[in-house]
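Please keep the sequence and the model in view while going through the points.

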There are 2 protein chains.
Amino acid sequence: MGGDDAPAAVLAGALLAVSRDAELEVVLVGPPELAPDLPDRVTVVAASEVVGMDEEPARAVRAKRDATVRVIHRLVRDGEADAAVSIGSTGAVLTAAVLTLGRLTPRPAVAVIVPALAGPLVLLDAGASSDCTAEQLLSHAQLGAAYAEVALGLTDPAVGLLSVGSEPGKGDQLRRDAYLLLEGSALRFVGNVEGYDVPLGGKADVVVTDGFTGNVLLKGMEGADARAGGGGLPVSAVLLGVDGVSVVGHGFSDPEAVAGCLEHAARVVREGLMARLRERLTVREVAS
Amino acid sequence: MGGDDAPAAVLAGALLAVSRDAELEVVLVGPPELAPDLPDRVTVVAASEVVGMDEEPARAVRAKRDATVRVIHRLVRDGEADAAVSIGSTGAVLTAAVLTLGRLTPRPAVAVIVPALAGPLVLLDAGASSDCTAEQLLSHAQLGAAYAEVALGLTDPAVGLLSVGSEPGKGDQLRRDAYLLLEGSALRFVGNVEGYDVPLGGKADVVVTDGFTGNVLLKGMEGADARAGGGGLPVSAVLLGVDGVSVVGHGFSDPEAVAGCLEHAARVVREGLMARLRERLTVREVAS
C-alpha cells in the first residue's frame, strides 16, 4: 500500500520482478481484493491497516498492529519471508523494523547506494536518527562496510568520514572524535572526505555521517541534480542494524523502481547480508 | 595573490571591474612589480607575504603580519577601503577579518548566494565554524536576513531553518532548540526547510544552518551539479558578523569571477550592508 502510485505500481513492480527472476517469490501484503488474479510465485497476505504519509510514523506504527509495514516485518521475523520491502515512509519502516525485528546495534542507520560519477558508493546514515555519538558513527561505518561488501561486491571497502576538509583535524567535535575511533578500528579507513566526494565518488566506497547531515546532503544532491536537468540520482535504501533485511523504496516509485527494490532485496539476501553484518559487528566488539 | 590563477586572473578581473563601473576604485595588494602599468582608479599597496593554500590558515595568518589577506583587512579597518576582497582560502579570510576588524557577533558566518531554480537565496553558515549553538543559529539568521535585504533587494526576507522534515519537531536537538528561538524572534520565520529546498528554492530567502552542515551541503550540491553536467553552481561568499565588508571568491576564479566579486562587494557597500547588519542585530538585542 506504500508510495504515491499504490497499489498499481507495487503490483506491477512485483509482477515485473518475478518475470525477470525465476527464483524470486513475492508476498504482497495488503487488502487481498486489490490483487485478484496472480501468477505463480506471487501470493497475498492480508493486512487491513495502512500508515498514511500524513501520520506521525512512530506513533501510527505503534498504534496499528495490523498495518502493512508491521506485517511485512513479522513475516521476516517468523521466517516466512527473507526480506521486507516497503515503498514510502522511512520513519514508519524504521519504527516497525526495530519494534518487530529488534536491533543489532543501538542506532540502526539508513544506507543508500549513490551512483557517484566514479562508481557507486554507500552513504549512511541517510536519516534514521539525527543526534549521534562518535561510537555510533563507528558502528555506522561497520554496518556500511558490510553492506558495501555485499551490495557492491567489494573486499575490504574503503571507509571515509564525511567532514569539511580532508585533514584529520577538520570538522566539528563529533567528527574529530569519530576520526580517532575509525583510525583505531579494523576498518580500512581512508580519512575525511568532503561533500563533493559523495556525488563525484572516487575517494571512499563507504561514506559515514550522522542521519541529519546525511539526509540534508542526499536531498541537496537530489535537488541540485533536478536543477541541472540531470537524469535523477536514483538511490536504493536499506535499513541496517536491525535483525533482518529491510529495504525502503522512494515514495514516488514506478513499477520499474518497485521491481528494483525487490531485486535489490533478493540480491543482498542471497549474498548473505545478515551474516556479513554480524561478522563486521563482531570484529568491532573484539577490537573495542 | 589568491586563487589558482593569481596574479594574472586577479589583475585582469580588477581591470574588467573598473572598466564596467565608472565609480569603482580598486586597490591591488601584493608585490608592486607584478602590476606595473595601471589605469586610473587602480592603485597598488605593497604586501610582501602570502598565506599558501597548503598552510594551516589560522596559524599562518597570525604569523604573517604583512600577508596580503591581513593588509586588505587593515585597509578596511583604517577607512582606506570600503571592502576587502580575497580569492581563495575562506579560513585565512576568517582569521584575518576577525583579528583585524573585530566581531559584531561571537560567531561570524560565511553567507553564499545560491542561484536556486526558483530564484536566488542566501545560505549560511557555509563553513566559518562547525560547532554551533541555537543562539548562534538565531544570530546567523539575523545576519542572513540583513544580507538578503541588501544583496537580493528584499524587504523582510523569509527565513527557513535547514532540517530533515518540514514539521516543527523534525531534526536534531540543535534544530529543535533553534526553531523555538526563531519562532520567538522578530524575523519572518517560515519554519523548517529541507536539503532540496536549497538548490530548488521557493521556500525561504534565507536558509540557516551550522557551518558543518552548510559546507557539506554546498559541496554536495556543487558535486551533484558537476555530475549532472550542469553549468556550475556559482556562488559569491561574504563573511558576516565582522566589523567590515569582506568578500571571498572561489579558489579557481577566472577574471570574470574576480570582477564579479569586486562588483558584489561594491554593491553591498553602496546598499549599506553594515548599517543593515547592525540594525538587525539590534532588533535581536531588544527582542531577547
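Where in chain A is the place of A:Asp125? A:Asp125 sits in the loop that runs between strand S5 (121-124) and helix H5 (134-151) of chain A. The model under discussion is a predicted one, and the points below should be read with that in mind.

1. The bond that joins A:Leu124 and A:Asp125 is a cis peptide bond, with omega at about 0°. Chain B shows a cis bond from B:Leu124 to B:Asp125, and omega is near 0° there. B:Asp125 is located in the loop between strand S5 (121-124) and helix H5 (134-151) of chain B.

2. The two chains. Two copies of a chain are related by a rotation about an axis and a shift along it. The same surface serves both copies, since 100% of the contact residues of chain B recur in chain A.

3. The overall form of chain A. Chain A contains 10 helices and 10 strands. Its radius of gyration is 19 Å, close to the 19 Å that the globule rule gives for 288 residues, so chain A is as compact as a globular protein of that length. Taken along the principal axes, the box filled by the C-alpha atoms of chain A is roughly 60 × 45 × 35 Å.

4. Interior and contacts of chain A. How many of the 288 residues of chain A, as a percentage, count as buried? The value is 55%. Among contacts in chain A with a separation of 6 or more, 68% are between residues 24 or more positions apart.

5. Helix H3 of chain A. Is helix H3 (residues 68-77) of chain A largely enclosed or largely exposed? Of its 10 residues, 9 are buried, so the helix is largely enclosed by the rest of the structure. The buried residues of H3(A) include A:Thr68, A:Arg70, A:Ile72, A:His73 and A:Val76. The elements that cover the buried residues of H3(A) include strand S1 (26-30), strand S2 (42-46), helix H2 (57-63), strand S3 (83-87), helix H4 (90-101) and strand S10 (245-249) of chain A. After H3(A) comes A:Gly79, which has a positive phi near 75°.

6. A:His73 within that helix. A:His73 belongs to helix H3 of chain A. Its relative accessibility is 0%, and A:His73 therefore counts as buried. Which residues does A:His73 touch, if those up to four places away in sequence are not counted? They are A:Ala84, A:Val93, A:Ala96, A:Ala97, A:Thr100, A:Leu101 and A:Ser246. A:His73 and A:Thr100 are 27 residues apart in sequence, while their C-alpha atoms are 6.2 Å apart in space.

7. B:Ile72 in the other chain. B:Ile72 is part of helix H3 (residues 68-77) of chain B. Buried means under 20% relative accessible area; B:Ile72 has 12% and is therefore buried. Apart from neighbours within four places in sequence, B:Ile72 is in contact with B:Val29, B:Ala84, B:Val85 and B:Ser86. A separation of 28 Å lies between the C-alpha atoms of B:Ile72 and B:Asp131, which are 59 residues apart along the chain.

8. A:Arg41 is a residue other than glycine with a positive phi, near 70°. A:Arg41 is in the loop between S1 and S2 of chain A, and its relative accessibility of 31% makes it partly exposed. A:Asp156 is not a glycine either, yet its phi is positive at about 50°. The loop between H5 and strand S6 (158-162) of chain A holds A:Asp156, and this residue is partly exposed, with a relative accessible area of 32%.

Notes
Residues are numbered from 1 along each chain as its sequence is written. Chains are lettered from A and ligands numbered from 1 in the order in which they are written. This is a predicted model: local features need pLDDT of at least 70, side-chain atom pairs count only at pLDDT 80 or more; totals for chains, interfaces and linings use all residues. Side-chain values use heavy atoms; hydrogens and water are left out. Contact means heavy atoms within 4.5 Å. Helices (H or I, at least four residues) and strands (E, at least two) are DSSP runs, numbered from the N terminus. The radius of gyration is taken over C-alpha atoms; the globule rule is 2.2 Å times the number of residues to the power 0.38. Buried means under 20% relative accessible area, exposed over 50%, partly exposed in between (1.4 Å probe, protein chains only).
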